[in-house]
Amino acid sequence: MSTYRFDKLLAPRSIALVGAVARPGSLGRSVLDSLRAAGFPGAIMPVQPDQVAVEGLPCVPRVADLPAAPDLVLIAVPPPSVPEVVAQAAAIGAGAAVILTARLGSAGNPLDLGIEAAGPAFAAALAPLLTDRSSDAVLAIHVPTVRSEAGAVAEAVAATVKAARAGQTRKKPVFAVTLGDAEAARETFAQAGIPHFTTDSEAIEGFLHLVRYREAQDDLMRTPDSLPRDFSPDTARARSIVAGALRQGAAWLDPVAVNGLLEAYGIPTVPITLAPDTDAAAAAAWPIIAAGGTVALKVVSPDIVHKSDIGGVHLDLTSEADVAEAARSILARARRERPDARVTGFAVQPMVRRGQRRELIAGLAEDAVFGPVVVFGRGGTAVEVIDDRALGLPPLDLTLARDLIARTRVARRLEAYRDVPAADLGAVALTLVKLSQLAADLPQVRELDINPLLADETGVLALDARVRIGRAERGAQGRGHPRFAIRPYPTEWVRTLNLKDRTVRVRPVRPEDEGLFLTFFKGLDPEDLRLRFFGPVREFSHAFLARLTQLDYARAIAFVATEIEPGGAERMLGAVRLHADANHESGEYAIAVGRDARGTGLAFALMRLMIDWARSEGIGRVEGTVLAENRPMLAVCRRLGFAQGRDPDDPGLVKVHLDLAAG
C-alpha cells in the first residue's frame, strides 16, 4: 500500500474544519474544541457558510475559498454534501481528508453508526443483529471520541449481549474492538465474556479461529456410511487360529492359517495347499495343472519374511517336474543365503493373472505412540522404494477408509483410464474396514501385510499375505484393544430385552443413528423435551444430533432401544447415555424414553445396562441431575439405589448419585 501523503494525515501542519463549527454541541464544534484543548500548534481554518468567525478564527463559506491548501481536511457535513466538499479539497491541493459524517450507508453488514454514536446507538443496532439468523457473529468496533466514551459504549454492548443470551441455547459469538487506550472497556467486556481486541484485524483472526474449529467439528461429525449389515466376521474361527499358533510358540502364522484368518473376515484369498517337502509340492500341484492352470510355488519359513529376497517365489510352473525342480532350487538357495532359516515347506497355489488389476498393499502395523494403525498404499515387490503409503487410526468406517485411500498417489490409478475400467473403490475401502475390525477383535495380531492386494472392477483379491502374532497386552481399564487410540464400536454390549410382551433391541449408538434420533425427538411433546433438556428445544441441527450419536467409546456410551416395525424399519423407543470425566472416575448420565414405552420397565433396564457398562470401565460413581417434578425418573433412581438431594443452587433440581464401588 502506498504511503504517499501519510505525513499530511498523521502529522498535519494545518487543518481545515468543514461543517457546523459554530453551534455548541455539534460534531464540528466538538472537534474544534478538542484541537484547541490539545494545543494543536498549526493553523485551524473553519469552513461554514453562515459565519464570519468562530472563537476568534476567521471562517470562509467554501473549501474552495480557503486562502491556502491545508494538509488535512476534516469533513462533518450532511451526507449529500460530502462529495462536493471532497472534490473542492482535491481541487485546491489538500493533502488528505477524513470524513467524520455519520450514516453514509452500509454494505454487507458492516453497519456504520457514525462517529457520534454512543451507548444507546450501539445497543439499538446490536439487539436485532444478535437475533438475526442470517449472520453467524457480530463485531462491534468503537472509536472513542469526546462525544462517545469507551466505558459507556462497552457497558451498553455488554448489557445488550447479556439480555439477548438469556434463555438462548444458541449464543451468537460477539467480538469487540475499542481503538486506543480503553482499560475500562476491556474490564467490562472481560466480565461479560466478550472477547476484546485492539484492532479489527485481530478480531477477525479470532473469529476465523472459531470458523476453523467449526469446520473441523463438521468434518469430525460427518455421518459416515455404516458397515454393511451382511458383514459378520467369524471371530470365533479367527481367534481359534491365532490361539492355536500361539500355543505352538509361533511368531508368524503359516500361509494356511493366514488364509483362514483373512477368510474369517470376508477378505477373498487364493486357495493354498501347504506341502512339507518337494514330492508333496509336486503332488499338490497336479490338480491345478490337470485343470489347465499353472502353479505358483512359495517358500514357507518363519524366519524369511520377504520370500522374493532369496528367490523363494517361482511362478507359472506348468508341470510336476517344474514344481519339483523349483522346490529344490528354493531349498538350495535358502541353505546358501539363509543357513539359519527354518524352512517348513512350500505353499502351492494356482497362478492368478494380474491383467489390469492394480497392485496395492493393505495391512496393520504397530505405532509406538498411537498403537495399531491401518496401512494402505501401492504394493508390489518395490513397495519400500516407491514409498506410497498412508496410515489411519482404527476403527475405520467406509468414509474414513476412503479418506485414507485418497491420501495416497496410487488412489489416482484406481480411477478409470484409457480402456481400463475403474477399480471397485468400495471393495478396497471395505477391505480396510475389515482389517480395522480384525485389529479390534484380535489384539494378538501385531502386524499384517497383504501385498499385493489386487483390485479391479470386479473387486479385490489377497494374493499374498503375512501375519505376525504375539500375546495381547492387558489394558489398564475397560475392554477392547488395550493399544487402540480410538475405541472401536462395542458390539459385545448388544442386548435383546423382553419387556411386557415386547421384544426390544438395545445396542450402543452408532453415528448413522442420527436420523433415528431426529425422528424420535420430533415425536416427543414439548414437555418431554423440557424434562430431558431442562429447557425448550426449538431445532435439532446436524451438529446437535451428531454430538449425541458420535461418541468416543473410551469415555462415553449411549444405548439406544429400538423396536422393529412391521415393514422392517427400526423405531426408537428411548436412549440412555453416560459421559465419564477426564480421570475416568465418575460419569454423568442422561436418559429419555418415549411415552409409548413408559410403564414397560424400559427406563429401569436402560439405567441398569448403563450402570453395568460403568462398572466394567472401572468408573466409581454415576451422577445425574433430575427436575424435581420428574417423579418417575426419581422413582427409578431410588429403585437402583441412587442417593438423592436438592441442588443448593436451584431448588427445582435434584442431584442423584450412585457409588459403584459400594454396590
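This is a predicted model: local features need pLDDT of at least 70, side-chain atom pairs count only at pLDDT 80 or more; totals for chains, interfaces and linings use all residues.

Me: Why is Cys-59 called buried?
Reply: Buried means under 20% relative accessible area, exposed over 50%, and partly exposed in between (1.4 Å probe, protein chains only). Cys-59 has 12% relative accessibility, so it counts as buried.

Me: And what about Cys-637, buried or exposed?
Reply: Its relative accessible area is 0%, so Cys-637 is buried.

Me: How many disulfides does a search of the whole structure find?
Reply: It finds 0. To count, a pair of cysteine sulfur atoms has to be within 2.5 Å.

Me: What makes helix 13 and helix 14 "roughly perpendicular"?
Reply: Helices (H or I, at least four residues) and strands (E, at least two) are DSSP runs, numbered from the N terminus. Axes are lines fitted to C-alpha atoms, for helices over the stretch in contact, and angles run from 0 to 180 degrees between N-to-C directions. Helix 13 (residues 398–406) and helix 14 (residues 425–441) pack at about 110°, with axes 9 Å apart. Angles under 35 degrees count as roughly parallel, over 145 as roughly antiparallel, 65 to 115 as roughly perpendicular and the rest as oblique. Helix 13 and helix 14 are therefore roughly perpendicular.

Me: Which residues meet there, in helix 13 and helix 14?
Reply: Contact means heavy atoms within 4.5 Å. Among them are Leu-398 and Ile-405 in helix 13, and Leu-425 and Val-433 in helix 14.

Me: Which strands stand at the edges of the open sheet, and why?
Reply: The sheet has 4 strands in the order 2-1-5-6, with parallel pairing. Strand 2 (43–47) and strand 6 (96–99) are the edges, because each has a single partner strand. From one strand to the next, the twist averages 20°.

Me: How do you know that strand 1 and strand 2 pair?
Reply: Two strands pair if DSSP finds at least two bridges between them. Strand 1 (residues 14–18) and strand 2 have 5 bridges, in the parallel sense. Val-18 stands opposite Val-47 in strand 2.

Me: What makes strand 25 "mostly covered"?
Reply: In strand 25 (residues 621–627), 5 of the 7 residues are buried. Strand 25 also pairs with strand 24 (residues 586–593) over 3 bridges, in the parallel sense.

Terms used. Residues are numbered from 1 along each chain as its sequence is written. Side-chain values use heavy atoms; hydrogens and water are left out.
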